[in-house]
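Please read them with the structure open.

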Amino acid sequence: MNVANQIMSATNPLVALLGDYKSNHVGYIYSMNFLDACVLTNDAWKERVAGIPHNSFLVAASFDPSRMAEIHEFDREVILLRVLGPSGLPTDADILRTMIEHNQRRTHDEVFTIDQLDGHDPMTHAELQYAALKCRILGTFYIENGELRLGSDLENYVSCSRLRVFKPRDKALAAIVNHINPEVRNKALEEAKKSGFSGLPTPIQIGTVRYTSTARLHRGEGEELVPVMIQPSDFLARRTAVLGMTRTGKSNTVKTTVASVAIAALKDSIKVGQIIFDLNGEYANANHQDDGSSIAEVFGEDCIRYRAIDTPGFEDLRTNFYVETAQGLNLIQSLYHMDPSPFTGQDIDAFMGSSLDEPDISDHGEHTRWERRKAVFQCILHKAGYTAPANFLVKIPIAAALTRQIRTFANSQTSQIQVTIPTSTNVPLTEACSWFETIRNINLRIKDAQRASSRSVIGLESSTQGNSWVDNMLEAYLNILARENSKHQGFGGYRAIVNYSAYHSPRRTADVVGEVISHLVDGKIVILDLSAGPVSVRSVLSKRIAGQIFAQSFDVMNSGKVPPNMVIYAEEAHNIIGKKDDLADVWPRIAKEGAKAKIAFVYATQEPSSIHPNILANTENWFVTHLNNDDELKALGKFYDFNDFHDSLKCAQDVGFARIKTLSSPFVIPTQINRFTPSDLKNLLAEIKRPNDNAQKLLMLFTQRKKE
Ligand SMILES: Nc1ncnc2c1ncn2[C@@H]1O[C@H](COP(=O)(O)OP(=O)(O)OP(=O)(O)O)[C@@H](O)[C@H]1O
Ligand SMILES: [Mg+2]
């Protein structure tokens, strides 16, 4: 080999794709078109490369790798193939006849005398070993501006093909499965910079190439396991589907993804908030099932866990209805509408349609009316059995004009009404309850009297003369508190909300949603453990939190600022972004539009066919493990080259054996996902967080000089 050839062969990236070409050669292309190629191969060549499994990658080139300095421009490309199955040869009928006749002629003694030739003469044996493989053309590698590029089709093919076929292994295979085109890399870099990364985030190994369930040869001893890397930037502001039957490794994939994103963010000192809607409590708790590992265990203080019941180590997911009255009422209303209680009536309808959102303080009249309603709401909670925070005081209205009217009316009655006017504006709940009942009672009596004497019925008068102090909404609230309507007929009143007390927590001092969002903005991992506590908490609380994350990120975006990086993980996604779900609902909107506001959405489900087709069609990354029926496989087969994996996905039930299509890669890569291993991750985290040696040395020099 001359020197130019030697240098070119050693450095040309096209040659690197063939690997050790002398031992990797497996055949010749004898027929092809733009889509498929037929490869003539031989049993002996297959044996040399540890077999050619179904769906394995092959590469074809028509150059001599040892004479790269001399090769024709036309030949400077490597074609990437995927093995689909057998193909026909003109000699097939002869081979078939020979094989059958040979076996028919065997004597009984020959059954177990098996050697390499198995009774054939060497010439026949050599002929019989040839067979053909049908392969899909996945693309063409070539050099553009000095860099390796993969075009995802074939530009030209010749009739008299000189293409030699090789099975890429170890480094060659790694280069193929982890190849990213320069333009895709540049785009990813641009996106990563927008998300705050200083450069392209370091790719993270998610698994190793695995073609078939039987992995005796291609992943056997002596064969390098080839790493499959993922780009953390593929996830940011993208949609990712994790699909597969139960117990085939979906959650494991999600855990690995969470860890990858967190580590990439940590390495580049940027903030990516990640929130997991953990239906089964498997991310929040160690020793869950047989797993014994959890995200929380690995990420320690960077991971905040929430639950809807009191548990040490967990924040409370529930709202304090006494403090966050607007949120509390809102939640009560959602629950009431989801599961209508038997308590109905005009006042309850009014209550369930009202709002406790605080009006602008400058609108004095409106703000005062809101304060009154809020105070009555707190009393209603108390009556309905919602535990109040310790020493809770209600701010009540005791303006002089009001108390004067009440006293005057009480004293004017023949059978005197006893009224006790509170002496403070902040009183305990029981005192507040009886004060509001007094107000209600007097107000209704004044109204009755006004009605009887045909005067205008306004009851207690507000400071603006002629207006009712008790407006219609306040009257409905007071009636609920008293369990009696304005016509003095009894009804369920506050009992309508008794069943929802499990959603309230007296422990909280701030709104849980705001707190969760602030953790996310701070780049933490938030786990909402929805496995414990009331079952209906799942949809109501999670929808509320998801909705507000979405709304806040959009607000930030609409105000012209850059929204924070967030990743939302949801399990059992068919329940929230199902086929029949309204695309205007919270979850479908997150899935569909979240990317615009830098919200990434990762969803896991066993039933891809039940996901809304619009969302499936907009999904950029796919992780698919075993699916057991044709309907699901058909739904999946519509996307990318997943159809090639129809048979393999249906029969291979191996845990973690996934077919992966990521945004940066143009084709599906069959991969054995790594098992989520907390111990390795903890070591890696410690390594990243350790101040590096150089920094230490610089610090030492600096302090020494100061002393001098
Ligand atoms: N890549 C893997 N390698 C080894 N073991 C794995 C791998 N992935 C998952 N497992 C193990 O298989 C079991 C099931 O995995 P996992 O909980 O991730 O499945 P799943 O698809 O989420 O199941 P479900 O549908 O019940 O939620 C766990 O014990 C897990 O540790
Ligand atoms: Mg799971």
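**Notes on the model**

1. Ligand 1 first. The shell around ligand 1 has 15 residues, and those that come nearest are Gly-249, Lys-250, Ser-251, Asn-252 and Gly-656. Bear in mind that this is a predicted model.

2. Which helix gives the largest share of the shell around ligand 1? Helix α9, residues 250-267, does, with 3 residues. By class, the shell around ligand 1 is made up of 8 polar, 5 charged and 2 nonpolar residues.

3. Now the domains. The chain is divided into four parts: domain 1 covers 3-179, domain 3 covers 325-503 and domain 4 covers 677-708. Domain 2 is written in two stretches, 194-318 and 508-676. Between the C-alpha centres of domain 2 and domain 3 the distance is 46 Å.

4. Back to α9, this time for its packing. α9 packs with helix α23, residues 678-689, at an angle of about 10°. Their axes are 10 Å apart. The two helices, α9 and α23, are therefore roughly parallel.

5. What meets what between α9 and α23? From α9 come Ala-259, Ile-263, Leu-266 and Lys-267. From α23 come Leu-681, Leu-684 and Ile-688. The contact of α9 with α23 has 6 nonpolar residues, 1 charged and no polar.

6. Next, helix α13, residues 364-383, and helix α16, residues 472-482. Their axes lie 9 Å apart, and the packing angle is about 15°. Angles under 35 degrees count as roughly parallel, so α13 and α16 are roughly parallel to each other. The crossing of α13 and α16 is left-handed.

7. Look at the residues in that contact. On the α13 side they are Arg-369, Arg-372, Arg-373, Val-376, Phe-377, Cys-379, Ile-380 and Lys-383. On the α16 side they are Met-473, Leu-474, Tyr-477, Leu-478, Ile-480 and Leu-481. By class, the contact of α13 with α16 counts 10 nonpolar and 4 charged residues, with no polar ones.

8. α13 also packs with helix α15, residues 429-452. How do α13 and α15 lie, roughly parallel or roughly perpendicular? Their axes come within 9 Å and cross at roughly 115°. That makes the pair α13 and α15 roughly perpendicular. The crossing of α13 and α15 is left-handed.

9. Finally, the residues between α13 and α15. Ala-375, Val-376, Gln-378, Cys-379, His-382 and Lys-383 belong to α13. They meet Leu-429, Ala-432, Cys-433 and Phe-436 of α15. By class, the contact of α13 with α15 has 7 nonpolar, 2 polar and 1 charged residues. Val-376, Cys-379 and Lys-383 of α13 are listed in the contact with α16 and in the contact with α15.

Key:
Residues numbered from 1 in each chain as written. Chains lettered and ligands numbered in written order. Predicted model: local features only at pLDDT ≥ 70, side-chain atom pairs only at ≥ 80, totals over all residues. Domains from an automatic or database assignment. Near = placed C-beta within 6 Å. Helix = DSSP H or I, 4+ residues; strand = E, 2+ residues; numbered from the N terminus. Nonpolar A, V, L, I, M, F, W, Y, C, P; charged D, E, K, R; others polar. Axes fitted to C-alpha atoms, helices over the stretch in contact; angles between N-to-C directions. Parallel < 35°, antiparallel > 145°, perpendicular 65-115°, else oblique. Left-handed = near helix turned anticlockwise from the far one by under 90°. Contact = placed C-beta atoms within 7 Å.
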